[in-house]
Amino acid sequence: MSQLLEGYTPGYYRWLPLTTWHSLRYSLQSPLIWKIAAMLKIVEAATISADVQTALDTIPAAERKNQWPRATNAIKAFKRTVKQHGMAVQNAKCVWCESKVGFSGRRSAHRDHIAPKDLYSAWTFEPYNIALSCEYCNGFEIKKDLDTIAVPAPAYADSQFHIVHPYFDNPEEHIGFVHEDARIVMKSLSPKGIWTIDKMHLDSPSATANRALEAVLKDIALPAHLATLIEQAMEAL
C-alpha cells in the first residue's frame, strides 16, 4: 500500500474503469501512483486599488451583501478587477470543477463568494473570498448559500473552513487521484476533502473522468496532435 493511501480510514473512493479510455491503451501494471488536485489552487487574490478598497470599507458590514448588485464606481471596479484576475490566474477554469468558463468554455464565469455573502455580509468585498466558478457549481443545485465556514473569526483568514479553500489550502493534500488495481481512483485525503467532494459534487462522472484522464496523461508521451484532441475532449466533459 502506498504512503498516499495509508493512515486515513474515513476517505472514500470513486472507481473509474479504465475501459472508459479505450484509446489510451498502455500498460498499467506498474506501481505508478498519480496525485493530482481535483480543484484549482490559487496563490494570490486580486489586488484592489486603495481608493476602491477605501470606498468599499465605508459600507457598513451588514449592508455589503445588499450593495453587491449596485453599479457604483467602486463596486464596478472591484468586480472588474476580481474577474480579470480570476480569468488569468485560473486559466479561465471553474475553481471547483475546472470546467472552462467564459469565451473559451461552454459555461459562464461567476464571481463565487467562497463564504456566501448572504451569511457573511462583512466579507462580500474580501478578495480572498472570491474565486471564479461556473454557473453549475455556484448555482442553486450545489453551492448557492452553502455554509462553508466551520468556525468564523473576526479576520477572514483566521476562520476555520469546512471546504478546501482555494487560497488557503493545498487541494492536493485533501483530494487526489491514485492508480490502484488497474483503476483510477478519486480519494478524499482529509475531512475537508470528504466535505468538499460531497457538497461540491466533485465526484460527478464528468468531473471525475476529466481529472482522472488528466492524471493518466501526465505520464504518457503523446504526439502533439493527439494531445490537442484529448485536451479539447476533456474541456468538453
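Which residue with a positive phi follows H3? Before selecting that residue, note that this is a predicted model, in which local features need pLDDT of at least 70, side-chain atom pairs count only at pLDDT 80 or more, and totals for chains, interfaces and linings use all residues. Residues are numbered from 1 along each chain as its sequence is written, and side-chain values use heavy atoms, with hydrogens and water left out.

Colour the chain by pLDDT, the predictor's confidence in each residue from 0 to 100: the average is 77, and 64% of the residues score at least 70. Residues 1-34 have a pLDDT below 50, although this stretch has 76 contacts in the model beyond near neighbours in sequence, a contact being heavy atoms within 4.5 Å.

Next, select residues 73-89, which form helix H3, with 17 residues and a reach of 24 Å from first C-alpha to last, close to the 24 Å expected at 1.5 Å a residue; the expected span is 1.5 Å times one less than the number of residues. Helices (H or I, at least four residues) and strands (E, at least two) are DSSP runs, numbered from the N terminus.

Show the side chains of H3 and pick out its buried residues, among them Ile 75, Phe 78, Lys 79 and Val 82; buried means under 20% relative accessible area, exposed over 50%, and partly exposed in between (1.4 Å probe, protein chains only). Their cover includes helix H1 (50-57) and strand E2 (109-113).

Now move to Asn 91, which follows H3 and has a positive phi near 55°, and which counts as partly exposed because its relative accessibility is 47%. Finish at Glu 98, in the loop between H3 and E2, where phi is also positive, about 65°, and which counts as buried because its relative accessibility is 11%.
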